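Dear colleague,

I am handing over the structure we spoke about, with the sequence beside it. Please have it open while you read, as the notes after it say what was found.

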Amino acid sequence: MAASPEVVNGAHPASFKESPYDPLFDPLVTPTGRGQAYAPTYWVGTAGTPPEDDGPINSDIDADIVIIGSGFTGLATALNLAQEHGVKAIVLEANRTVWGCTSRNGGQGQNASGRLYRSQWIQRWGLDTAKRLDAEIRGGFEYWKSMVATIDCDAQPGGHLYTAHRAKKMAFLENEARIMKDVFGYNTRMLSRAELHEQYVCDQEAHGALHEPDGVGVHPLKLAFGYIRKARALGVKIHPASPVLGWETVNGVHHLRTPGGIVRARRVAVATGGYTPQGLHKSLTSKIMPILSNSMVTRPLTEAERAEAGLKTTTFITDTRTLRFYYRLLPDGSMQIGSRSSVTGADAKNPRHFELLKEGLYRKFPSLRNIPIAYSWWGWVDVSHDMMPRITQPDPREQIYYAFGYGGNGVSFSSHAGRRLAERIMGRPGEQWNLPIYNSPLPGHLFAPFRRLGQAMLYKYYYLRDEHL
Ligand SMILES: Cc1cc2nc3c(=O)[nH]c(=O)nc-3n(C[C@H](O)[C@H](O)[C@H](O)COP(=O)(O)OP(=O)(O)OC[C@H]3O[C@@H](n4cnc5c(N)ncnc54)[C@H](O)[C@@H]3O)c2cc1C
């Protein structure tokens, strides 16, 4: 088919007119998009042509299982349903395929999920549950690695470096390293500033670091495109530009209203992450706090520039700030770095957020100050109110399932979450369902309408605590 200006990258068979990307999109206030172009990310710029999809929904249809959202979670759920359970699900995506966080993140695949550290798991649930949770998440990380191994996605193994941005943070890292080693059996080790600089990276503000051997950096969009190809080869249908704008349940059948027709489904899995619209379904109301995260990538650094900055590793790095910075050297020599952004979508383009990110990079690597920034973007992270995700069926009387609340740690965990969500939908029994990430719904928030006020105040406090107190 010859490409016309209205045809989107060969989407198949019913292409659609792409609508412009809205940089000010805010899931708490903006209506769900329809067929929006991708955010201008490094990943979109380097992933190549998106794989074929099944075009927007253009008539009423019936389905057994429908998945809302085509990020890692939705795609992994669909892929597992097809691969492991022989069920060909339908995926509805509001915008371009993989439009949300999955095409916008830092690509840091960690052996983690949610925002709590392993020491905090012990405090919250006790040692026995923490150990079982560790086995579950560790197994999920291994599963994700096995998927990464089958898809060309520029994988960069090497583990994870967790740097102390202030001297007093070394004690915290030492404690975490000890718990990971002694309690959970990981081969973690502590590095002094000199060892960090000599072996890995001359981060000027780091006082030392914890190294954990688990961690793989990936090109997230190449990975997600790989999931699409695998899923469609097994009969999964993926419909972009098909936002679910209304949801009614009649005699146990879910009627999902999209602009092109009603999709009637027996079972629905919600995988909309930080982009979950207000009012999509009552079981989701105020369960997720969408938090905006900023990211940017420099132009590829020359060998001399990398040497001057002291960039010797492609191992990915995060620091100990609550409003943390995370960065890594990409395979083409570009430097990627990310951190917090504005509280609201309306303020996302405010240059001060971009400046904050750039200054974060220059503080760590002063010699990069004059290197042009090639890409800058942002995206909404799905943070739950108790800092841990849920993969669950919130009401046993309803055939509705969801997986989200990864809190910025979803690159690897979302694939495992999709695998578990598929098992959950198919009613497969298992010991794991007793774990806290599976056995309860996400908690809501008592003061939901005022959450952003609280967030703005917390950001000020975190900044003070991270930098000065
Ligand atoms: C800047 C940034 C950096 C990050 N860095 C990292 C990192 O380095 N490591 C890490 O582990 N995690 C990171 N994350 C988080 C990670 O990207 C996410 O946890 C993960 O991609 C979540 O995938 P998902 O499939 O659950 O959601 P998404 O990828 O967000 O997919 C949700 C999809 O649902 C669609 N949707 C929403 N509403 C509807 C509707 N009504 N109808 C149909 N479709 C709908 C959206 O359009 C979207 O495409 C980062 C996130 C951001 C924003």
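With which side chain does the side chain of Ser295 make a polar contact? The partner is the side chain of Gln336, at 2.8 Å, where a polar contact is a pair of N or O atoms within 3.5 Å, and within protein one atom must be able to donate a hydrogen and the other to accept it, while residues adjacent in sequence count only if both atoms are side-chain atoms.

Before the rest, a word on the basis of these notes. This is a predicted model, in which local features need pLDDT of at least 70 and side-chain atom pairs count only at pLDDT 80 or more, whereas totals for chains, interfaces and linings use all residues. Residues are numbered from 1 along each chain as its sequence is written, and side-chain values use heavy atoms, with hydrogens and water left out.

To stay with Ser295 for a moment, this residue sits in strand S13, which covers residues 288-298 (helices, H or I, of at least four residues and strands, E, of at least two are DSSP runs, numbered from the N terminus). Ser295 counts as buried because its relative accessibility is 2%, buried meaning under 20% relative accessible area, exposed over 50% and partly exposed in between, with a 1.4 Å probe and protein chains only. Beyond residues up to four places away in sequence, Ser295 touches several others, among them Arg104, Gln336, Leu357 and Tyr375, where contact means heavy atoms within 4.5 Å. Trp378 is 83 residues from Ser295 in sequence, yet the two C-alpha atoms are 5.8 Å apart in space.

Two histidines may also be of interest. His254 lies in strand S11, residues 253-258, and counts as buried at 2% relative accessibility; its side chain is joined to that of Trp247 by a polar contact of 3.2 Å. Leaving aside neighbours within four places in sequence, the contacts of His254 include Val263, Arg264, Gln399 and Ile400. His85, for its part, lies in helix H2 and also counts as buried, here at 19% relative accessibility, and it touches Asn80, Ala422, Glu423, Met426 and Arg428 when residues up to four places away in sequence are not counted.

As for the chain as a whole, its secondary structure comes to eleven helices and 19 strands. Buried residues make up 59% of its 469 residues, and the C-alpha trace spans about 65 × 55 × 45 Å along its principal axes.
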